[in-house]
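Hello,

Here is the structure I promised to pass on to you. Please open it alongside this email and have a look around before reading on.

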Amino acid sequence: MNWTGKDMDTYLTQKEYIDTLVIPLVKIEMKLDNMKASASSTEFVMHLSSLIETQFKGRMMFAPPFSYTSETDLPSMSKTTLQEFSATPFKHVFFLTTDHAWSSLDLPGQVIWMPSIPLESMDASLRQSILEDQLRQVLPKFIEKWSV
């Protein structure tokens, strides 16, 4: 389920079944040398999020991507803004990112870090195959938390 009016209506009527919130974290680089890699990483996270959402519709809610820059103080942000997610009605909170810096921070949920894979030059079938492979790697992380 996505953070849309229609999906929110469904969530509000079925919230006892939708216990997981996923927040994509995307780093936006404004230096010309890094803009392409940043855009590629964002594309990867968003495609993977879409695939996960499709697989777990009715179990997960996907928040809009949380964007930040290289100048953002990540420890401070994790202690302030992102702490608000610990007060959500969701039993499980996951942060999906390609930025390894989040792995060492204390967040109010599980950080799922995946290395970015540039998808822009792939044909649709290869892109889908790679994303499905990434999904198979991420699934155990969700299942592990759900079984606790």
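Below are some notes on a helix and a pocket.

This is a predicted model, where local features need pLDDT of at least 70 and side-chain atom pairs count only at pLDDT 80 or more, while totals for chains, interfaces and linings use all residues. Residues are numbered from 1 along each chain as its sequence is written, and side-chain values use heavy atoms, with hydrogens and water left out.

Let's start with helix α1, residues 5-14 (helices are DSSP runs of H or I with at least four residues, strands are runs of E with at least two, both numbered from the N terminus). Its buried residues are D7, M8 and Y11 (buried is under 20% relative accessible area and exposed is over 50%, with a 1.4 Å probe and protein chains only). The buried residues of α1 pack against β2 (60-62).

D7 counts as buried because its relative accessibility is 12%. Beyond its neighbours within four places in sequence, D7 is in contact with M1, N2, K57 and M61 (contact means heavy atoms within 4.5 Å).

Now for the lining of the largest pocket. α2 (32-55) and β1 (20-28) each supply at least two residues of it, and α2 gives the most, with 6 residues.

Happy exploring!
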